[in-house]
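Colleague: Could you walk me through this one? I'd like to go chain by chain and then look at how things pack.

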Amino acid sequence: MSGKTRVIGTAGGALGLGAFAAAVGACCGLPWAVALLGVSGAVALARLSFLLPYALLGAGGLLAVAFWWVYRSPAVCADGTCDTAGRRPLRWIVWVAALFVIGLGAVALTVG
Amino acid sequence: MQVLSAAIVAISLLAAASCARGDGSPSPANASATPYTVLDDQGSQLRTDFNRNVGSIRLLFVVDPICPTCLRGLADMNRDLLAGTADPRIHTFVVHEPVLGLARVAPWLRPAGGEDVAKAEQLLHNPNVQHYWNPSGAFGRLLSHAVGLKNSEGPVYAWDVWLLYGPEVKWEGTDPPRPRLLMHQLGTLGSSTEFPHLDSRAFAQQVRASLAQLPPLATPAPAASPQ
């Protein structure tokens, strides 16, 4: 698996967990759940609320892994001879994902 | 790692799908909706019904019909207590009021309406349940004042609260009487020792204990039809 795929997959996983946390966390503070999911859907969503801290922790962990991958020095570049400019887009992706996850986490923790 | 990410996304999608409509959730079309009573700000209709059933155990649930946590509470009460009995010595009153969104500061913007009551009431399968809709939400303030629902910052609006009244209690005056037990699902109440967090099994146990102190029925109460 290429490094690019790994980083994008990890950042995407963090975003997915952040979105799930926001949906579960905000389900009880915003009047959308019954309209979108129906009564039994809203009940099921409320039953998943115990997963909120785990989802946030998981998202944070995945982001940490993604940051480690994009900022670590590969062993073959230990002497500083490698060109790291090619990693810049990946770093941008991880930073943007991190901002989104922080926003989603804030929604999850404050709206509910 | 890609597999892990895919698994996480799949779990999220599955969770969302399990919540989605079409999983047997009741809809207005197939509902045998029980009519509800529009409750005035003094709770007059509720007071009349409450006092008419002196001598029986009375339960009062106050919920927002579009609040998922409240709906989960109703579903849990149904599972742990109401669906399993049709005992006429238990009467349940459910007051629905608009709370979520901007309902409390701008009632004209309230997202919950009477049609949501009809959907929420399908969660309770028991012949002795009466539903009320208080569109102004004033009943929450009345109840909060009556039972002393407050935290360190002041009064806490009464919603998502679950009350148990003994058979002797009569509603006299304007304020609802104090209950034998009040449980809640309100973060604003914190870890109140006076009012525990809702535990539907513990609540059901308390109801059964109260019921055991009443004279037995002449004929055994039938079980509620399973739904």
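Colleague: How many helices and strands does chain A have?

Modeller: In this predicted model, chain A has four helices and zero strands, so that its elements, read along the sequence, simply follow the pattern α-α-α-α.

Colleague: What share of chain A counts as buried?

Modeller: Of its 112 residues, 43% count as buried. Among the chain A contacts with a separation of 6 or more, 84% are made by residues 24 or more positions apart.

Colleague: And chain B, what is it built from?

Modeller: Chain B contains six helices and eight strands, and from the N terminus on the elements run α-β-α-β-α-β-α-β-α-β-β-β-β-α. Of the 227 residues in chain B, 39% count as buried, and residues 24 or more positions apart provide 75% of the contacts in that chain with a separation of 6 or more.

Colleague: What's the strand order in the sheet?

Modeller: The order is β1-β4-β3-β2-β7-β8 in chain B, which makes an open sheet of six strands with mixed pairing. At the edges stand β1 (36–38) and β8 (181–184) of chain B, and because each has a single partner strand, one side of each is left without a neighbour in the sheet. Ignoring direction, neighbouring strands of this sheet are turned by 20° against each other on average.

Colleague: Which way do β2 and β3 of chain B run, and how many bridges join them?

Modeller: Strand β2 (residues 57–63) and strand β3 (residues 90–96) of chain B run parallel and are joined by seven bridges. Within that pairing B:Leu59 stands opposite B:Thr92, while B:Arg58 stands opposite B:His91. Together with helix α3 (residues 68–80) of chain B, β2(B) and β3(B) make a right-handed β-α-β unit.

Colleague: What about β3 and β4 of chain B, how many bridges there?

Modeller: Five bridges join β3(B) to β4(B), and these strands run parallel. Here B:Thr92 stands opposite B:Val129 in β4(B).

Colleague: Is β3(B) enclosed or open to the outside?

Modeller: Seven of the seven residues of β3(B) are buried, so the strand is largely enclosed by the rest of the structure. Both of its faces are covered, with B:Ile90, B:Thr92, B:Val94 and B:His96 buried on one side and B:His91, B:Phe93 and B:Val95 buried on the other.

Colleague: Which helices pack on the sheet?

Modeller: One of them is helix α2 (residues 44–52) of chain B, which touches β1, β2, β3 and β4 (129–133) of chain B and whose direction makes about 170° with that of β3(B). Helix α6 (residues 200–212) of chain B also packs on the sheet, touching β2, β3, β7 (161–165) and β8 of chain B, and its direction makes about 15° with that of β7(B).

Colleague: I was looking at B:Ala204 in helix α6 of chain B. What does it contact beyond its sequence neighbours?

Modeller: Leaving aside neighbours within four places in sequence, B:Ala204 is in contact with B:Asp80 and B:Leu81. B:Ala204 is partly exposed, with 19 other C-beta atoms within 10 Å, because a residue counts as buried when that number is 20 or more. From B:Ile66, B:Ala204 is 138 residues apart in sequence and 24 Å apart in space, C-alpha to C-alpha.

Colleague: Switching to the core, which residues touch the most other members?

Modeller: The largest nonpolar core holds 85 residues, of which A:Ala14, A:Ala21, A:Ala42, B:Leu71 and B:Leu74 touch the most other members. Helix α1 (residues 3–26) of chain A gives the most to this core, with eleven residues. In soluble globular proteins, nonpolar side chains tend to be buried together.

Colleague: And what is A:Ala42 in contact with?

Modeller: Apart from its neighbours within four places in sequence, A:Ala42 is in contact with A:Cys27, A:Ala33, A:Val34 and A:Leu37, and also with B:Pro68 and B:Leu71.

Colleague: Last topic, confidence: what does chain B average in pLDDT?

Modeller: Chain B averages a pLDDT of 82, and 75% of the residues score at least 70. Over residues 13–32 of chain B, however, the pLDDT is below 50, although this stretch has 28 contacts in the model beyond near neighbours in sequence. Where pLDDT is low, the predicted coordinates should not be read in detail.

Colleague: What are the ipTM and pTM?

Modeller: The model scores ipTM 0.71 and pTM 0.76.

Terms used
Residues numbered from 1 in each chain as written. Chains lettered and ligands numbered in written order. Predicted model: local features only at pLDDT ≥ 70, side-chain atom pairs only at ≥ 80, totals over all residues. Core = buried A, V, L, I, M, F, W, Y, C linked by C-beta atoms within 7 Å. Buried ≥ 20, exposed ≤ 12 C-beta atoms within 10 Å, placed from the backbone. Helix = DSSP H or I, 4+ residues; strand = E, 2+ residues; numbered from the N terminus. Contact = placed C-beta atoms within 7 Å. pLDDT = per-residue confidence, 0-100. Pairing = 2+ DSSP bridges. Axes fitted to C-alpha atoms, helices over the stretch in contact; angles between N-to-C directions. Right-handed = clockwise from strand over helix to strand, strands pointing away.
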